[in-house]
Amino acid sequence: MVESVRPKRKQPVSGVTRRKALVGLGGAAVSGVLPGFVRYAQAQSSAPIKIGFQVHRTGIGASYGRWYDRTTKAAALLINESGGINGRPVEIIAEDDGTDPKRGAEVVEKFATQHGADVAFGTLFSHVVIGSAPRAGELKIPYFVVSEGHHVASGMLNRYTLQPGITDVKSQVQSMAPWVAANLGKKVTMIYPDFAFGHDHRDYFSAAMAAQGGEVIGKIAIPPTESSFFKYFPKIPRGTDVLYHVMVGPGVLTFVKEMGEFFGSKRPEIFGFIDSLEAVNINSPGLEFLEGSYFWEGNPRYAQAQSTKFDAFYRAKVGVDATGASVNDPKDISTYAHMFGCWETLHVIKQGMESAGYRGPGDRAKLIEAVESITDMAASQAHPQGAKLFNGKTHQVFGHQYISQVGGGKLNVVHRTAIEDGFYKDEVDYTSQPL
Amino acid sequence: MDFGPYFLLATLEGAVGAAVLALTALGLSLVFGVMRIVNVAHGAFFMLGAIIAWWVADTLGAGPMLSFLAALIISPLAVGAVAVLAERLILRRLNYNPESTIVATIGLLYVIEQVALMTYGPDARPVVAPIDFRVQLPWFGYSGYKLLVIAASIVVMLAVWWGLTRTRIGLMMRATQFDSETARAFAIPVDRVYGGVFAFGAMLAAIGAVLVVPIQQAHYLMGNDPLLLSFIVVIIGGLGSLRGTVLAAVIIGLSDGIISVFFSPTLAKIIATLVVAMILVIRPKGLFGTQSA
């Protein structure tokens, strides 16, 4: 890849010739004279609906960003092919947030004030969501996140922030805990990234295990930018039945590899969130020790015998093969367990805009109310991960979770939770907040 | 885990860190010592070394050993070539002015980082270790490759020491470091020495990166930590002092390893930074420095 950086030599400094510049100037002058000629002729009927896409192109979330981007483009293409939203095409305006909360807030502001976006959408990393959501609330721009964090349903954010396309960590770990306690063991040590997302895992899984009569005997927090992990493993207490790991960032493969080096064949049961290996081939050298271990998956990376036709449709549209890799490059592994959230969220935006009769930014409040009134989402092309239930009060969706076991170089689903397994008491009623 | 094995693990981890850090910091220290240039782009050269190593291993597609050896040769050469270019096109034109070169190397850092991002992409990619060997100790397992890294780093450092003290080129470098004008008067091609030293410093960083890439992975932001730690090491050791640099790298590397195992990695960084501040107050020249910082 590096050889392609060679600069091209003989090009002029700029590709603009004097003639082109004059023509351009003339064109600009003409369109200035006739303002209504091109731009407004069809504004009401077919001007695009602009969806600001806050994407982690760079920074520690980059591999997620790449696939969130592909999924979002595929979903937008599909929506446009089938007539758009309210007959208007969807335009995705992507802006890199560098997986950085401060930049995230700026990006949201840019969508609202500069791009004239109708809604903002797509953020994954919880610290970026938490950094951006207050600005979205102030600007009163609907902000649809695809983040898994419990911060939406916990009431920490505001009425303009919604998570209708992916379940939150609290609900995920709560539906995992009974299975872990029943099948793997009661004494758990957790390894998690040291920021909001990891803290959600720590707090809610500990509580859920305690409810099952289990106990979390070790809690090991690792900074998400860490690049060397070996030093953390000695902190795993003796007597650990189950090692629970969830890690994010560019070092995930190193993390899992070093875990293998540390344990060798004498490992405890291992239950991981696939986040630890998203965008990484589970057959990478050094990961052999994972054979027989278990993973949570939001959506099964490997196509299963029981996979639905909706999953097959979605896989084909996004360009992912049956092993979860890009159809163009088998080395390019997708973030399959998470990225469906972008696809489904875009479809929720479409559903909300259509039922609100959305025409422009003046109808943003109507859009929020329309999405809040959504409840059941059936498994369909719009919801390929499976059926879901949306809670309009907490702005959070609930759905099925998957537990897969590593076997024969694949992830094989061994358990699918019921939607109700992830329910918990409402912690907020956003609908009581003013719009 | 009992204290004994725990301490052993901490020391091993620290030694691996120290080995890589010593190489990287040595490069930074050489460049400063001879050229009086604070090379902020040093971390970028480190990162470039890792990325080129991945590229060589991936393109070659040979066995892990062969790919790794090829990377170990090609990557430092390529990084050295980039450094020579940077020296000729940028630093020389600034007459090696200390302030301007700081700004220029900051710019270079961004350029290299962005080019890496635009071509190599934002992903972390692994290079397979040349030896797949796991040392099973009674209490925990340890990667055999990491032990190899320590050995390789010692060999490279000995070679650098030998080159500086026993060869003609080393003599020219030392003469330039001691007094560049007098060296010029004795017909030492100071300009070429500068170019060579800058390239050599970058190559040392690249060697460190190639050694580390089977442990970590190549990533476009991976140069930041080594840069910071290298500066800490060079300041503690005494700017321009090779002996001090190596000693400081061992101290910082080991203490970083041990503190992060027993307490937390953040505390290790806090303590390292605190030590730098104290050293600047008490011994502004560093442990072995000959000129003030």
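1. Within chain A of this predicted model, 21 residues of domain 1 are in contact with 21 residues of domain 2. Three elements of chain A, namely α4 (62–81), α6 (126–139) and β13 (396–399), each supply at least two residues of the side of domain 1 that touches domain 2. Of these, α6(A) gives the most to that side, with 3 residues. By residue type, the side of domain 1 of chain A that touches domain 2 of chain A divides into 9 nonpolar, 10 polar and 2 charged.

2. As for chain A in general, its secondary structure comes to 12 helices and 15 strands. The chain has 435 residues, and 52% of them count as buried. Among the contacts in chain A with a separation of 6 or more, 69% are accounted for by residues 24 or more positions apart.

3. One open sheet of chain A is formed by 3 strands in the order β11-β12-β13, with antiparallel pairing. At its edges are β11 (376–377) and β13 of chain A, each of which pairs on one side only. Between β11(A) and strand β12 (residues 388–391) of chain A the antiparallel pairing runs over 2 bridges. In β12(A), A:L389 is the bridge partner of A:D376.

4. A parallel pair is found elsewhere in chain A: strand β6 (residues 187–193) and strand β7 (residues 215–222) pair over 7 bridges. Here A:P193 stands opposite A:I222 in β7(A). From β6(A) the chain crosses through helix α8 (residues 196–211) of chain A to β7(A), and this β-α-β crossover is right-handed.

5. The contact between the two chains involves 34 residues of chain B and 25 residues of chain A. On the side of chain B that touches chain A, at least two residues each come from α1 (3–35), α2 (42–60), α4 (98–119), β1 (134–136), β2 (141–143), α10 (242–262) and α11 (265–282) of chain B. The element of chain B that gives the most to this side is α1(B), with 4 residues. The residues of the side of chain B that touches chain A divide into 20 nonpolar, 10 polar and 4 charged.

6. Is A:R57 buried or partly exposed? A:R57 is partly exposed, because 19 other C-beta atoms lie within 10 Å and a buried residue needs 20 or more. The residue sits in the loop between β1 (49–55) and α4 of chain A.

7. Which residues does A:R57 touch, leaving aside its neighbours within four places in sequence? A:R57 is in contact with A:A62, A:G65 and A:D96 in chain A, and with B:P122 in chain B. A:D97 lies 40 residues from A:R57 along the chain, and their C-alpha atoms are separated by 7.1 Å.

Key: Residues are numbered from 1 along each chain as its sequence is written. Chains are lettered from A and ligands numbered from 1 in the order in which they are written. This is a predicted model: local features need pLDDT of at least 70, side-chain atom pairs count only at pLDDT 80 or more; totals for chains, interfaces and linings use all residues. Two residues are in contact if their C-beta atoms, placed from the backbone, lie within 7 Å. Ala, Val, Leu, Ile, Met, Phe, Trp, Tyr, Cys and Pro count as nonpolar, Asp, Glu, Lys and Arg as charged, and the others, Gly among them, as polar. A residue is buried if 20 or more other C-beta atoms lie within 10 Å of its own, exposed if 12 or fewer, and partly exposed in between; C-beta atoms are placed from the backbone. Two strands pair if DSSP finds at least two bridges between them. A crossover is right-handed if, with the strands pointing away from the viewer, the path from the first strand over the helix to the second runs clockwise.
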